[in-house]
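Visitor: Please take a close look at a single strand and its surroundings. I would like one connected account.

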Amino acid sequence: MATSLLKTQLNVFRRHHNHFACFSNGASAGNSVPISQKRRSRSFPVVSMAATPAQTSLEKSALSSKNTGLPIMVNACTGKMGKAVINAAEAAGLNVVPVSFGCEEESGQTFQIGEKEFLVHGPSDRESALASVFDQYPNLIVVDYTIPNAVNGNAELYCKVGVPFVMGTTGGDRDLLHKTVLDSNIYAVISPQMGKQVVAFLAAMEIMAEQFPGAFSGYSLQVLESHQASKVDASGTAKAVISCFNKLGVSFDMDQIKLIRDPRQQLEMVGVPEEHLSGHALHMYHLTSPDDTVTFEFQHNVCGRSIYAEGTVDAVLFLAKKIETKDHKRLYNMIDVLREGNMR
């Protein structure tokens with residue numbers, strides 16, 4: 001059934017290359033180079049959120065959404081999300097500090113990203129590097145788009161040094177991650193999904209699950225998600241949506257998610273545009289009634305990374321405001337950011 005659904009339903013990318021969510025009732029950012037080495041589709045509005053690089057300098061002025069000069073450190077700056085966030089942050093007037101964490105192979109190298117050269121520190125000297133940057137920029141906020149198995153170790157380091165952070169990396173032990181932050185009393189925004197519109201969809205799902213528990217009891221669920229081949233883990237967004245369906249009465253285990261990582265399948269069966277094979281997120285949730293007479297589909301598709309990069313910048317500005325006002329709450333998610341209502 002999953003193969004059939006894939007063939008008949010997953011060609012939406014052929015016409016819609018950005019985010020959408022649908023409900024029906026019926027049957028990145030340039031390459032980094034080491035300096036040392038020099039169908040059936042429905043019509044939906046297309047939303048474009050492009051970010052262009054812009055060099056900025058630290059400005060000693062009050063926080064504003066247009067030009068704060070707020071210093072941020074983007075870890076995994078050579079990754080596609082890291083580069084997208086750097087471009088979006090500089091376009092928004094933030095001061096991206098040209099220092100970053102990377103893998104051991106990148107340690108000690110400098111990389112040209114946008115108009116700046118970034119020095120990358122490996123695992124062995126990351127604590128001293130972070131402490132040094134934090135000493136130079138006391139109002140620093142770290143942005144983390146590293147890898148799943150680095151999530152908990154990085155969070156522990158940020159909390160040890162005392163640096164507020166925005167964690168967009170998925171994976172790791174999420175309960176331990178939250179506990180680490182709460183125990184340290186450090187400000188942080190943690191969310192496996194930084195796309196504001198996708199988060200709004202998730203919030204709507206959570207409201208439905210809370211207010212109508214068991215509404216889909218007896219229904220069967222299929223979940224298909226396609227991401228770039230480099231994404232090794234299942235989508236945190238998909239897991240969050242599935243948790244809502246579980247509360248709505250649907251029996252479904254996370255290991256039943258159909259992961260699509262083969263570029264050939266993505267091109268020929270899913271219909272991902274070739275230029276977005278290296279950065280996309282297609283999610284489909286297909287519900288079927290016990291007697292097979294009713295189906296529901298929930299869908300959200302993203303090509304590129306600008307939606308996540310822009311949401312990350314909003315999260316940074318939100319966190320800076322909470323720190324400035326000494327808010328009693330310390331741990332936030334993207335729903336908190338949305339509720340604040342001051343996004344650009």
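Guide: Two strands count as paired if DSSP finds at least two bridges between them. Helices (H or I, at least four residues) and strands (E, at least two) are DSSP runs, numbered from the N terminus. This is a predicted model, in which local features need pLDDT of at least 70 and side-chain atom pairs count only at pLDDT 80 or more, while totals for chains, interfaces and linings use all residues. Residues are numbered from 1 along each chain as its sequence is written, and side-chain values use heavy atoms, with hydrogens and water left out.

E3 belongs to an open sheet of 6 strands, ordered E4-E3-E8-E9-E10-E15 with parallel pairing. The edge strands of that sheet are E4 (95–96) and E15 (331–332), each of which pairs on one side only.

Pro-71 has Asn-95 of E4 as its bridge partner. On the E8 side, 4 bridges hold the pairing, again in the parallel sense. There, Asn-75 has Asp-144 of E8 as its bridge partner. Strands of a sheet pair through backbone hydrogen bonds, either parallel or antiparallel.

Next, burial. Buried means under 20% relative accessible area, exposed over 50%, and partly exposed in between, with a 1.4 Å probe and protein chains only. In E3, 5 of the 5 residues are buried, so the strand is largely enclosed by the rest of the structure. Pro-71, Met-73 and Asn-75 point one way from E3, and Ile-72 and Val-74 point the other way.

Helix H2, residues 80–91, lies across E3, E4 and E8 (141–144). Contact here means heavy atoms within 4.5 Å. H2 runs at about 165° to E3, where axes are lines fitted to C-alpha atoms, for helices over the stretch in contact, and angles run from 0 to 180 degrees between N-to-C directions. E3, H2 and E4 together make a right-handed β-α-β unit. A crossover is right-handed if, with the strands pointing away from the viewer, the path from the first strand over the helix to the second runs clockwise.

For contrast in pairing sense, consider strand E13 (residues 280–288), which is joined to E14 by 9 bridges in an antiparallel arrangement. E14 (residues 295–303) has 9 of its 9 residues buried, so E14 too is largely enclosed by the rest of the structure.
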